[in-house]
Structure formats: structure tokens, C-alpha cells
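Try each exercise on your own before you read the worked solution.

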Amino acid sequence: MQPDPSERAPCNGLTSLQPTLPSADYWHADAYRRDLDAIWYRSWLMVCREADIAEPLAFRTVRIGSQEIVMLRDETGALRAFHNTCRHRGSQLSQESAERLKARLLTCPYHAWSYSLRGDLVRVASKSLPEGFDKADYTLYRLALSVWRGFVFVNLAEHPDGSAESSFDRASGDLSNWPLESLVTGHRLTKVMNCNWKIFWENFNECLHCPGVHKDLSRLVPIYGRGLMARHDDPEWARHADNDAPEFSGRLRAGAETWSRDGHAHGPVFSGLTPAERAAGRARPSGSVQNAFGR
Ligand code: FES
């Protein structure tokens, strides 16, 4: 089989020695604060599915860095996001991670200031209010919210760039024939990683550790057993350019049809997949685009 012309690209690997980040970037509080401001507080972040807050008055909370966020569906069906922080003395408004409000108000548990589901302050418990106090000055801090095909994103920036969709990497592929809107959450797995976030992403983007750490995965994806993630990670890839064996092409092992532990599909396959997409589990594309299902 002749290699695809797009595979006639240079090796993905380093061509010169590159320094790693200074160690303080992984543990110093100032570095973490810089990461939050530069990346996490100005990027569109997926926080839940629309179906997770399907009914009016349903809400979820999430923590991003040091910020508590509440997403809710108001009585008109509109989705909204706010800092989960009361404007009086900063108490946490909702301490539950997911529930349904009992009234059309968000009421602070500390001194009972109440906010409409649009974030407007509508009631304060104090009998005497200082002159000049205007409820309109104490709305909840609203956050940008964007929905893309059933996925809910928020952005903590005051003036975010574009929508969530506009921030996607187009090279990652077109999922227009995937029924993303109709998906529902079937299982939720939460992992807490006791490391700086960059450690995780650096690990995710390399497979040097795969042969020793992920033996089952390396059997399923034989090229991982060579410490590589894709054909072009191999400095000698051109010598094997015609070799379609899994350990060179990045395909799954013979007989495997998807990236599950045993290599078999355990759920219905999306009916609208193209032949190329059906084969995607078996033939990893060249380059370093990440598979949506794991690595
Ligand atoms: S802190 Fe919320 S009402 Fe006082």
C-alpha cells in the first residue's frame, strides 16, 4: 500500500535539544496564578451537557481554579452562568454540586439576599438600608456561556473572544455527522490528580511511558509499545512508510475495532459515521491530532 502523500512529512520529533520549563513553573504559587490568568480564566471551558440541566430551575456548580461557578436554567428555559458568590459578603450561594432550585430565586444561605435567575438582586433581609443603596448595583457577576451541540461552555473573561465553537482547532476534524446533540450522560467518572495541570498534559502528549506504564494499551495500540504515538514520531518512519502493520501505522491490533479494553465496541455505533470514521479506531491519522477517546 502506498503511503498517503500527507504522510510524506518530516518526523514529529525534536530536531534540537529543547529545555524544559523551570521547575518552579510546576510548584510556585505565582506561576500557577499566571497560568490561571493567561489560560484558564480566558478560555472557553466545557462544564457540562445541556441535558445535565435540562429542566427549568436545574443547576450545577463547578470550580475553575479558585473560582466557584453556578450554571442554571432559568424559568424561561435560558441557560445562565454566574460566579457562585453573593454580592453582600461573598458567601457561596449554592453549596450543592447539582440539584433543582425550590424557588425561582437564588437565596444566599448567610443573610438571605435573594437573586432572580437572571442574576438581579431582588430582596435583602435588612430592615434598614443605607441611603443610596440600589439593588441594581448588586447583581450577580455574570459569566459568558456558550452552547455548542449540547455541550455547555463558560468563559471567565470579561470580554471573551468569540464563542466556544470559534475557539476549536479546525484541524481536529468535522463532527457534523455525529449526533452530538442527542447524547446524554450515562456515566460520570471524576479523577483528582495531585499534580500541576501541566504535568498531566505533558504526559498526555507523549508515549515514552506507555511501554512500561500502559501495557494493556500498548497491546491494543502496538505503536505505543514502541514509545511512539504516531507513524511520524519515528525518526526512521520513511523506512517503514509502506508498512501497514499496527506497530508502524498506528492502527489498533488485528481484530480490535475500537479503543476499549478488549478492543470490542460495547455500545451502539453512530449510524451516520463515514467509512473513514468507522476505520478511525483502526487507523490513527498521521500527525499529532489527539484521538477524541483517550490519547
Ligand atoms: S453574604 Fe450573602 S446575604 Fe450576606
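Below are some exercises on sheets, domains, rings and a few single residues, each with a solution in steps.

Before you start: this is a predicted model, where local features need pLDDT of at least 70, side-chain atom pairs count only at pLDDT 80 or more, and totals for chains, interfaces and linings use all residues. Residues are numbered from 1 along each chain as its sequence is written, and side-chain values use heavy atoms, with hydrogens and water left out.

**Exercise 1. Find the order of the strands in the sheet of 7 strands, and its edges.**

Step 1. Two strands pair if DSSP finds at least two bridges between them.

Step 2. Walk across the sheet: the order is E1-E10-E9-E4-E3-E2-E5, the pairing is antiparallel and the sheet is open.

Step 3. Look for strands that pair on one side only: these edge strands are E1 (45-49) and E5 (98-100).

Step 4. Check the twist, which averages 30° from one strand to the next. Axes here are lines fitted to C-alpha atoms (for helices over the stretch in contact), and angles run from 0 to 180 degrees between N-to-C directions.

**Exercise 2. Trace the neighbours of strand E9 (residues 142-148).**

Step 1. Start with E4 (residues 79-83), which is joined to E9 by 2 bridges and runs antiparallel to it. Phe82 has Arg142 of E9 as its bridge partner.

Step 2. Now turn to E10 (residues 151-155): 5 bridges join this strand to E9, again antiparallel. Leu145 is partnered by Val154 in E10, and Val147 stands opposite Val152.

Step 3. Inspect the turn. E9 and E10 make a hairpin with 2 residues between them, and Arg149 in that turn has a positive phi of about 50°.

Step 4. Follow the Arg149 side chain: its charged end sits over the ring of Trp148, 5.7 Å from the centre. To count as sitting over a ring, NZ of Lys or CZ of Arg must be within 6 Å of the ring centre and within 35 degrees of the ring normal.

Step 5. Stay with Trp148, which ring pairs link with Phe151, Phe153 and Phe168 into a cluster.

**Exercise 3. Describe the sheet of 3 strands.**

Step 1. Line up the strands: they run E6-E7-E8 in an open sheet with antiparallel pairing. The edges, each pairing on one side only, are E6 (105-107) and E8 (121-123).

Step 2. Check the angle: neighbouring strands here are turned by 40° against each other on average, direction ignored.

Step 3. Zoom in on E6 and E7 (residues 114-116), joined by 3 bridges. Leu106 has Tyr115 in E7 as its bridge partner.

**Exercise 4. Work out how far apart the C-alpha centres of domain 1 and domain 2 lie.**

Step 1. Take the bounds, which come from an automatic or database domain assignment: domain 1 is 5-10 + 194-278 and domain 2 is 45-168.

**Exercise 5. Sort out two of the aromatic pairs.**

Step 1. Set the rule: rings of Phe, Tyr and Trp (its six-membered ring) pair if their centres lie within 6.5 Å; planes under 30 degrees apart are stacked, over 60 edge-to-face, and the rest tilted. The structure holds 12 such pairs.

Step 2. Take Phe200 and Phe204, a tilted pair at 5.9 Å centre to centre with 40° between the planes. Both sit in helix H3 (residues 197-204), 4 residues apart, about one turn of the helix.

Step 3. Classify their exposure: buried means under 20% relative accessible area, exposed over 50%, and partly exposed in between (1.4 Å probe, protein chains only). Phe200 is partly exposed at 28%, and Phe204 is buried at 16%.

Step 4. Then try Tyr224 and Trp259, an edge-to-face pair at 6.2 Å with 70° between the planes. This pair links distant parts of the chain, with its residues 35 apart. Tyr224 and Trp259 are both buried.

**Exercise 6. What does the side chain of Ser218 reach?**

Step 1. Locate Ser218 in helix H5. Its relative accessible area is 10%, so Ser218 is buried.

Step 2. Follow the side chain to the backbone oxygen of Cys210, at 3.2 Å.

Note on methods:
A polar contact is a pair of N or O atoms within 3.5 Å; within protein, one must be able to donate a hydrogen and the other to accept it, and residues adjacent in sequence count only if both atoms are side-chain atoms.
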